[in-house]
Amino acid sequence: MIMNINLIDDDKLKEECGVIGIYSKEENVANMIYYGLYALQHRGQESAGIAVNNNGTISYYKDAGLVSEVFNNNNKLEKLNGNMGIGHVRYGADSEKLAINAQPLVVKYKKGSIAIAHNGSIVNANSLREILEDDGVVFQTTNDSEVMANMIARYHKEEIEKAVNRVMELLKGSYALVLMTENKLIGVRDNQGIRPLCLGKIDDGYVLASESCALDTIGAEFIRDIEPGEMVIIDENGIKSIFNDKWSKKKLCIFELIYLARPDSRIDDISVYHARKEAGRILARECPVDADIVIAVPDSGISAAVGYAEESGIPYSIGLIKNRYVGRTFIKPNQSNREEGVKIKLNVLKENIEGKRVVLVDDSIVRGTTSRKLVKMLKKAGAKEVHLRISSPPVMFPCYFGIDTPYREHLVGANKTIEEICEMIDADSLGFISEEGLVKSTGKTDGFCLACLNGDYPMEIPREEGAFHE
Ligand code: AMP
């Protein structure tokens with residue numbers, strides 16, 4: 001039988017993606033950017049790219065594929081010489097445009113060349129694009145970075161900082177942006193800090209990255225997170241900041257902490273691992289159950305499962321083995337073969353499961369397909385009972401700000417009660433952490449976008465084609 005596993009999921013429109021930018025006085029930065037992107041690979045597997053600046057000349061290479069695939073031969077990295085550069089890994093859903101929409105985008109405008117890369121989601125991008133098109137601007141990609149580049153180019157009479165600041169005033173949405181001119185590296189975090197961006201130090205320069213794990217990988221020292229609405233400008237004179245909106249309230253995407261970020265990253269003073277483990281502890285208190293072992297859905301549920309086991313006193317064990325060569329690129333089947341996909345990715349360690357009452361911990365339920373399949377596999381392997389515990393509340397609303405959640409009609413949390421979900425996945429019991437419990441697990445009391453859980457969006461979503469769907 002030939003199994004047809006599509007690489008791309010039709011109804012996913014969001015771009016998670018990761019960005020990095022490095023400024024060094026003398027060092028060649030392409031290698032560091034490469035390893036930084038490697039550390040950010042989990043944020044996007046569909047394309048990768050690096051642009052570097054050599055005394056004002058920008059060269060770049062980008063293509064569809066993983067970082068290691070894109071830069072695997074023909075000395076592509078060696079050809080990228082320069083002491084300043086930016087890089088991007090992309091997670092998109094438009095299968096036919098994988099290569100063309102790869103970032104960074106390098107353009108020439110009246111003031112010279114700029115390279116630009118961003119992640120997140122600009123919710124008014126379609127309107128902005130239309131305004132530009134009405135003015136005769138032509139686009140080569142469907143990428144929002146091209147919209148931003150064109151907007152910046154319109155303000156060519158102003159210093160680049162001012163031009164970027166003007167564009168920030170017009171952009172609505174979530175983004176972390178890195179931009180390189182002929183002599184400056186600029187980093188911007190959206191006005192509500194929905195997407196993360198942090199700053200690190202290397203010997204003779206600075207690094208901007210979506211997550212701190214990229215700094216660790218290249219031996220950079222973490223300095224701080226970029227603030228919401230902050231623009232950081234790095235050049236031969238050092239580093240300075242401009243605030244677009246000093247008073248905006250931080251709304252970090254909670255899904256970065258639930259699922260997207262790597263557990264070894266710190267975001268806005270929160271250790272991702274600790275928050276997930278604490279969520280597991282709180283979940284154990286909120287939804288206790290009598291059982292023999294706690295197991296995790298690897299890798300997403302591991303930190304919370306450790307916390308659940310510690311708090312409940314039920315031993316942590318390994319019950320599912322993940323094929324380590326299956327990444328998120330591969331496992332993106334459409335609904336009809338999604339269930340087969342789970343089997344390819346995960347297998348039961350029968351020896352640990354047989355005859356046991358199992359607590360299965362995962363970070364989230366989106367469609368419910370993964371859990372349903374896993375419960376079935378565990379029961380087939382001889383589990384006496386399977387109690388599913390989820391370290392986030394039900395995902396009930398679509399994300400318009402860069403997390404890949406499906407339309408509302410496919411979100412099981414939006415359409416079924418907890419009892420109905422439990423019945424659908426055939427678990428012996430099902431428990432979700434509460435919203436309060438989840439926020440508490442971060443060690444903070446507020447400052448998060450929780451829209452996917454409670455529908456309270458941090459800004460109005462323009463009802464324009466492509467941006468708004470139920
Ligand atoms: P589902 O099968 O649709 O309920 O998906 C739940 C599983 O997908 C969980 O194991 C999550 O860790 C994982 N997951 C959650 N959000 C995402 C996302 N945005 N992209 C890919 N996988 C995700």
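**Salt bridges and surface patches**

Searching the whole structure, a predicted model, turns up 19 salt bridges. One of them pairs R43 with E256, whose closest N and O atoms sit 2.8 Å apart. R43 belongs to the loop between α1 (30–39) and β2 (47–54), and E256 to helix α7 (residues 254–260), so this contact ties together parts that are 213 residues apart in sequence. Both ends are tucked away: R43 is buried at 0% relative accessibility, and E256 is likewise buried at 0%.

Another salt bridge joins K240 and E161 (3.5 Å, N to O). Here strand β13 (residues 238–243) supplies K240 and helix α5 (residues 160–170) supplies E161, so parts 79 residues apart in sequence are tied together. K240 is partly exposed at 45% relative accessibility, whereas E161 is buried at 7%.

D299 and K322 also meet in a salt bridge, at 3.0 Å from N to O. With D299 in the loop between β17 (293–296) and α9, and K322 in strand β18 (residues 320–322), the pair links parts 23 residues apart in sequence. Then there is a network: K277, R281, R285, E310 and E311 are joined by salt bridges that share partners.

On the surface, E419, E420, E423 and D426 gather in a patch of negative charge. E423, part of helix α14 (residues 418–425), is exposed at 66% relative accessibility. A nonpolar patch of about 320 Å² is made by I302, Y316, I318 and I321; of these, I302 lies in helix α9 (residues 302–312) and is partly exposed at 31%.

How values were computed: Residues are numbered from 1 along each chain as its sequence is written. This is a predicted model: local features need pLDDT of at least 70, side-chain atom pairs count only at pLDDT 80 or more; totals for chains, interfaces and linings use all residues. Side-chain values use heavy atoms; hydrogens and water are left out. Patches are made of residues with over 30% relative accessible area and no salt bridge: like charges are joined within 9 Å, nonpolar side chains (Val, Leu, Ile, Met, Phe, Trp, Tyr) within 5 Å. Accessible areas come from the Shrake-Rupley method with a 1.4 Å probe; for residues, only the protein chains shown count as cover. A salt bridge is a side-chain nitrogen of Lys or Arg within 4 Å of a carboxyl oxygen of Asp or Glu. Lys and Arg count as positive and Asp and Glu as negative; His and the chain ends are not counted. The place of a charge is taken as NZ of Lys, CZ of Arg, CG of Asp or CD of Glu. Helices (H or I, at least four residues) and strands (E, at least two) are DSSP runs, numbered from the N terminus. Buried means under 20% relative accessible area, exposed over 50%, partly exposed in between (1.4 Å probe, protein chains only).
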